[in-house]
Amino acid sequence: MEKESFEDEEVAAILNKYFIAIKVDREERPDIDSIYMTVCQALTGSGGWPLTIFMSPDKKPFYAGTYFHKESRRGMPGIKDVLSSLAQQWTEERESILISSEKIVAHIKSMDSKVNLVELGEELGEDEIHNAFHSFKSVFDENYGGFGRSPKFPAPHNLQFLLRYWKNYNEPAALEIVEKTLEAMYEGGIFDHIGFGFSRYSTDQKWLVPHFEKMLYDNSLLASIYIETFEATGKIFYKEVAQNIFTYVLRDMTSNEGAFYSAEDADSEGIEGEFYLLTIKDIALVLGEKECKIYCEHYDITSKGNFEGRNIPNLIGKNSSSVINKDLEIDLEEMRQKVFDYREKRIHPYKDDKILTAWNGLMIAALAYGGRVFNNNSYINKAEKAMEFILNNMINDKGRLMARYRDGEVAHLGYLDDYAFTIHALIELYEATFKVNYLVKAIELNVNMINLFKDEKQGGLFLYGIDGEQLIIRPKDIYDGAIPSGNSVATLNMLRLARLSANSELEKEAYSQFKAFAPKVKTIESAHAYFMNALLYSNVPGKDIIIVGDELSSNTEAMVKEINNNYLPFATVVINTGDERLNSINPELKEHKELKGLATAYVCENFTCREPITDLQKFSDYIKG
């Protein structure tokens with residue numbers, strides 16, 4: 001619509017004559033997007049982007065649609081006819097339009113109140129956790145991985161739930177779904193086998209043809225699930241994919257200040273995928289005849305092409321998680337670097353260089369987690385630098401987290417996602433570094449989040465704060481779509497913080513979330529996979545591991561290494577070095593003493609602690625048992 005209509009003088013003349021045109025970046029204003037997408041779905045039965053809304057001056061909508069051609073065709077109205085017709089109706093039938101808009105708003109408010117309705121006796125438990133697993137299992141694509149047919153979206157939090165379900169219930173089918181999907185996504189064209197990073201989604205069933213746009217949030221969440229699966233299985237393949245994602249993000253999506261950009265477009269030179277598509281001639285030019293043959297056979301590059309006469313490099317069917325010929329792997333990496341250098345000379349897709357607090361939180365969390373599991377301090381340092389940027393630049397003089405930064409300008413009061421994802425990142429940074437200031441800040445922001453967003457009447461957290469612009473409704477969201485919802489992430493954060501700080505009030509807040517959203521979640525549990533993660537976490541008697549001693553001592557480091565070498569998704573870890581800030585956060589820590597001047601571990605479960613341990617082998621047995 002940008003090219004077809006908004007830049008067209010004929011359309012612009014009509015638009016500017018009768019309307020005030022406002023273009024909204026949905027990533028900067030998710031509150032507006034959420035509300036008016038609901039309007040579009042209510043009025044038309046479907047939604048999507050671009051989203052087109054016509055409203056009265058007081059923000060009340062009366063007509064909606066998604067994409068409009070410039071001209072009407074095949075019974076579908078074009079934007080010119082829509083604009084002219086609505087302008088005429090506004091002149092001749094304004095009163096009836098305003099009445100209609102009032103009814104639309106009333107309907108949306110009634111829908112919202114039904115979503116928020118807490119029915120007495122509604123509870124979430126193991127039945128819902130099992131229902132979510134069976135729902136995913138029923139739609140799993142056994143041939144190509146993922147769920148359903150096409151288009152296919154990564155939705156890594158679905159896989160994270162299944163991995164944790166496998167861990168807790170020892171259900172092999174859950175792990176099989178995760179591994180098949182992660183391998184298939186990597187092998188497909190949705191992964192950039194030359195420059196790395198994942199595209200937003202696949203347009204086909206086997207992950208070959210992507211929508212070439214690359215989003216920070218996808219790559220953050222995908223890095224995390226590949227790391228988690230490496231931790232769970234020990235298979236080096238998953239580690240290597242996560243490292244490749246980080247290579248892409250740190251090279252192409254990182255600002256000079258250390259924060260992360262939002263996205264790269266699908267188009268370059270006005271053509272989708274133009275930057276990424278290759279011919280055999282391109283490869284031969286770069287590699288020469290002998291290497292060209294090897295490279296093209298390996299990556300499915302043919303003279304006919306696998307997409308519109310050109311090629312999307314892929315490894316479909318190559319069983320990439322298995323060990324391949326090491327010499328070939330080295331040769332292929334050298335060839336990849338040559339092709340990468342060749343491709344870099346092309347005109348790059350447009351980079352959306354705005355810095356979003358929420359999405360930065362996701363990438364910081366992934367880097368901190370990766371740094372901890374891979375014993376890679378560089379990743380942790382990058383995560384710390386990005387968090388330093390957020391805390392120094394994205395909090396205003398009133399202590400309010402903000403949502404967006406670009407070219408030195410900070411804008412928009414932070415939304416629920418900004419708070420929830422930043423708190424998540426702070427928790428991951430604490431567990432990667434054990435620096436108390438990260439835990440202190442996480443708790444502080446969590447208090448602010450509850451004060452700003454909590455629905456005191458019906459529970460749950462609103463999308464925008466009590467101090468934000470008051471729109472026609474104040475929505476709450478629990479659907480875990482392309483990104484987990486702020487409510488889901490906040491719920492798991494509160495459970496983790498409750499255990500890290502021994503704060504039962506925080507646990508009550510988390511349980512109030514389960515109660516508030518139970519009616520909605522029960523309708524389709526698998527649409528709330530991250531929320532199911534939180535529910536699973538609350539149901540599993542996870543281990544609370546307290547290590548008392550100097551964090552730099554060899555014994556402490558050995559214990560931390562042992563923790564990081566094991567998959568413990570339901571555990572919390574605290575190192576008590578005697579920092580008074582930590583003791584004030586969690587007064588119970590004072591009860592745990594160091595023995596014989598050695599780093600001493602306490603492993604607690606269900607409010608009961610085993611005897612203190614200084615022996616590394618015994619410690620290893622305890623955390624695994």
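These legends go with close-up views of charged side chains in a predicted model.

Residue numbers start at 1 along each chain as its sequence is written, and side-chain values use heavy atoms, with hydrogens and water left out. Since the model is predicted, local features need pLDDT of at least 70 and side-chain atom pairs count only at pLDDT 80 or more, while totals for chains, interfaces and linings use all residues.

**View 1. D267 pairs up with K3.** These two form a salt bridge (a side-chain nitrogen of Lys or Arg within 4 Å of a carboxyl oxygen of Asp or Glu), with the closest N and O atoms 3.6 Å apart. It's a link between distant parts of the chain: D267 sits in strand β7 (residues 267-268) and K3 in helix α1 (residues 2-6), 264 residues apart. Helices (H or I, at least four residues) and strands (E, at least two) are DSSP runs, numbered from the N terminus. D267 is partly exposed at 27% relative accessibility, whereas K3 is exposed at 60%. Here buried means under 20% relative accessible area, exposed over 50%, and partly exposed in between (1.4 Å probe, protein chains only).

View 2. R29 is buried, at 15% relative accessible area, while E469 is partly exposed at 39%.

**View 3. K235 and E179 join a loop to a helix.** Their side chains meet in a salt bridge, 3.0 Å from N to O. K235 lies in the loop between α9 (216-233) and α10 (236-252), and E179 in helix α8 (residues 172-187), 56 residues apart. K235 is partly exposed at 37%; E179 is buried at 15%.

View 4. The model's count comes to 47 salt bridges.

**View 5. A patch of negative charge sits on the surface.** D550, E551, E557 and E594 gather here. Patch members have over 30% relative accessible area and no salt bridge, with like charges joined within 9 Å and nonpolar side chains (Val, Leu, Ile, Met, Phe, Trp, Tyr) within 5 Å. Asp and Glu count as negative, Lys and Arg as positive; His and the chain ends are not counted. E551 lies in the loop between β13 (544-548) and α21 (554-564), and is partly exposed at 32%.

How values were computed
Accessible areas come from the Shrake-Rupley method with a 1.4 Å probe; for residues, only the protein chains shown count as cover. The place of a charge is taken as NZ of Lys, CZ of Arg, CG of Asp or CD of Glu.
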